[in-house]
Structures are given as structure tokens and as C-alpha cells.
Amino acid sequence: LTQEAFPQLVNAFFDAGDKGLTECTLLEVIVRDQDYVRAAKALAGSIRATDYMGMLGDGKLYVLLSNTNEENAAGVKERFRKAGYECRSGKGQ
């Protein structure tokens, strides 16, 4: 997604979540060397087709897990860890 589209998508999911229409989890990927392209390529196979990866205004890489609560995000976090990337829960922007 483009840098303009991803924040809009995140906001739309969080707005829908606030209305009880869906649930989602936003994960911030910790990229120590700031090579976000390499990180995105390494992690692309670890997410579903219904999940989204992009950058927010803070310049960091995030993954939006659609239809996923925090508890269910644990499996994704573990797959990312195995690929060499830590992540933490992000916040909507």
C-alpha cells in the first residue's frame, strides 16, 4: 500500500472496530537497521492475504491484522520472531 493509503486503511479498520463491526490488531515491526524493504519482503509470507503491511506517519513499518484480536496475534508475532523480527502492538493513527 502507498504511504497515503495505509494510514487511511488503519483508521477505517479502527473506526469499524470502535463500532463493533470488526476487530483488528496493529503490530509495529521493529526494524533495527531501518531496511524496511528487506523486512517487508521477509515478512510478506508470514501474513494472510487479508492483512496489510505499510508505514504510518512516524516512518515505522506496521502490519494490520484484520479480523484478529490481540490474543490471536500471538501466532503472527511468533512467525515474525522466527523470521528475525520482533514486533509490538501498535496504535491506530
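**Close-up views of a predicted model**

**View 1. The E2–E3 hairpin carries a positive phi at glycine 59.** Five residues lie between strands E2 and E3 in this hairpin, and glycine 59 among the hairpin residues takes a positive phi near 80°. The two strands pair in the antiparallel sense over four bridges (strands pair if DSSP finds at least two bridges between them). Glycine 54 has tyrosine 62 as its bridge partner in E3. Strands (E, at least two residues) and helices (H or I, at least four) are DSSP runs, numbered from the N terminus. This is a predicted model: local features need pLDDT of at least 70, side-chain atom pairs count only at pLDDT 80 or more, and totals for chains, interfaces and linings use all residues. Residues are numbered from 1 along each chain as its sequence is written, and side-chain values use heavy atoms, with hydrogens and water left out.

**View 2. Strand E3 (residues 61-66) is largely enclosed by the rest of the structure.** Six of its six residues are buried (under 20% relative accessible area; exposed is over 50%, partly exposed in between; 1.4 Å probe, protein chains only). In a regular strand, side chains alternate between the two faces of the sheet. Leu61, Val63 and Leu65 point one way from E3; Tyr62, Leu64 and Ser66 point the other way. Strand E1 (residues 24-29) pairs with E3 in the antiparallel sense over five bridges. Threonine 25 has leucine 65 as its bridge partner.

**View 3. Phenylalanine 13 and tyrosine 52 form a tilted aromatic pair.** Ring centres lie 6.2 Å apart, with planes at 50° (Phe, Tyr and Trp rings, the six-membered one for Trp, pair if centres lie within 6.5 Å; planes under 30 degrees apart are stacked, over 60 edge-to-face, the rest tilted). Phenylalanine 13 is buried at 17% relative accessibility. Tyrosine 52 is partly exposed at 28%.
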